[in-house]
Amino acid sequence: MANSMVNCQLWMGSLESYMTETFILNAFRKMGENPVSVRIIRKKLTGESAGYCFVHFASDEEAMDAMHKLNSKPIPNTHPKVRFRLNNAGRTLIDREFSVWVGDLSSDVDDYNLYRIFSGQYKTIKTAKVILDVSGFSKGYGFVKFGSEEEMKHSLIYMNGFNGLGTKPLKICNAVPKPKGLFLPGIPGPSNQNDSNDFSQYYDPTTYFQNCASWQPGSVYDQSSEHQAACENSNNSERKEDDLDLIEHTIPLDIDKMNREKMDADCNLWDALESSKWLPYEMLEVA
DNA sequence: CGACGGGACGC
DNA sequence: CGACGGGACGC
């Protein structure tokens, strides 16, 4: 909760040398945003643009809203098209983040859609990002960052299969951190290079696999009661509707119903998992 | 189905 | 099916 964002600022990259403070300010205004000020960072010696700037807003909320609305969209008046590259400012690294991978996004889903859907249901949503290819088309997946591990885990269950964003049910998975640097899996690397005996760059595959696991062992117990409670609520609140009811052709109602059913199904899955007392090797009693 | 491609690590 | 952003007040 501390510093979800810093000082009402966005970092903006991919600046061309012709982009002045005024140019950027105007670009935001044309897109319907109203930043307070823009400061381009310049190289100390030469005075030329360092290629990025900080855009100041009246509030963190405004800044985050602008970020999700504009990120990856074309910047007005850029002839070879340049896209907004925005991020939350602040070198002071954000506390801790918990990400989920979101898949099965239809092509109409953008950062802002995704952001609104999640922040409508979770309090600690920090950012949402749809990954685009070089020409700006969605790759069909994205990442949502939470400030709370509990909410992140909750969304793994409850937002999986969600209907109402784009045209397909959402798929939610644990986000596995992108491996840094080299050591891509499956690429052994040249073997008769003179070995420099430097193993420091290798990461531990065990760690990697733990990151990939859908459920962490401890968390099953930590969370089970909460989830059971949630399941009960969900069951109680489900209205009895039989199949003979006329189908309501207002989409939101159908979606709500479908989502309730989906959540119930997921709760059942959770219960099954929980009661199976699935444990990894490491947890088995030895002594 | 094939498809080897770019940043690699400072202070 | 799929896994990311890279760049940060500076050289």
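**Exercise 1.** In what order do the 4 strands of the open sheet that includes S7 stand, and is the pairing parallel or antiparallel?

*Solution.* The model examined here is predicted.
Step 1. Reading across the open sheet gives the order S6-S7-S5-S8, and the pairing is antiparallel.
Step 2. S6 and S8 (171-174) are the edge strands, as each pairs on one side only.
Step 3. On average, neighbouring strands of this sheet are turned by 25 degrees against each other, direction ignored.
Step 4. Take one pair: S5 (residues 98-103) and S8 run antiparallel and are joined by 4 bridges. Within this pair, Trp-101 has Cys-173 in S8 as its bridge partner.

**Exercise 2.** Find which helices lie on these strands, and state their directions.

*Solution.* Step 1. Helix H3 lies across S5, S6, S7 (138-146) and S8. Its direction is at about 145 degrees to S6.
Step 2. Helix H4 (residues 149-158) packs on the sheet and touches S5, S6, S7 and S8. The direction of H4 makes about 20 degrees with that of S5.

**Exercise 3.** Describe how H2 packs against H3.

*Solution.* Step 1. H2 (residues 60-70) and H3 (residues 111-119) have axes 6 Å apart, at an angle of about 135 degrees.
Step 2. The two helices are therefore oblique to each other.
Step 3. H2 contributes Met-64, Asp-65, His-68 and Lys-69 to the contact, while H3 contributes Asp-111, Tyr-112 and Tyr-115.
Step 4. Sorted by kind, the residues of this contact are 3 nonpolar, 1 polar and 3 charged.

**Exercise 4.** Which residues of H2 are buried, and what covers them?

*Solution.* Step 1. The buried residues of H2 are Ala-63, Met-64, Ala-66, Met-67, His-68 and Leu-70.
Step 2. Their cover includes S1, H1 (21-30), S4, H3 and S6 (125-132).
Step 3. Just after H2, Ser-72 takes a positive phi of about 75 degrees.

**Exercise 5.** Identify the strands paired with S1.

*Solution.* Step 1. S1 (residues 9-13) is joined to S3 (residues 49-56) by 4 bridges, and the two run antiparallel. Met-12 has Cys-53 as its bridge partner in S3.
Step 2. S1 is also joined by 4 bridges to S4 (residues 85-88), again antiparallel. Here Trp-11 stands opposite Asn-87 in S4.

**Exercise 6.** How many residues has the largest nonpolar core, and which of them have the most contacts inside it?

*Solution.* Step 1. The largest nonpolar core has 48 residues.
Step 2. Met-12, Ile-24, Leu-114 and Phe-118 have the most contacts inside this core.
Step 3. Leaving aside residues up to four places away in sequence, Leu-114 touches residues including Val-102, Val-130, Phe-143 and Leu-165.

Methods: Residues are numbered from 1 along each chain as its sequence is written. Chains are lettered from A and ligands numbered from 1 in the order in which they are written. This is a predicted model: local features need pLDDT of at least 70, side-chain atom pairs count only at pLDDT 80 or more; totals for chains, interfaces and linings use all residues. Side-chain values use heavy atoms; hydrogens and water are left out. Two strands pair if DSSP finds at least two bridges between them. Axes are lines fitted to C-alpha atoms, for helices over the stretch in contact, and angles run from 0 to 180 degrees between N-to-C directions. Angles under 35 degrees count as roughly parallel, over 145 as roughly antiparallel, 65 to 115 as roughly perpendicular and the rest as oblique. Contact means heavy atoms within 4.5 Å. Ala, Val, Leu, Ile, Met, Phe, Trp, Tyr, Cys and Pro count as nonpolar, Asp, Glu, Lys and Arg as charged, and the others, Gly among them, as polar. Buried means under 20% relative accessible area, exposed over 50%, partly exposed in between (1.4 Å probe, protein chains only). A nonpolar core is a set of buried Ala, Val, Leu, Ile, Met, Phe, Trp, Tyr and Cys residues joined through side-chain atoms within 4.5 Å.
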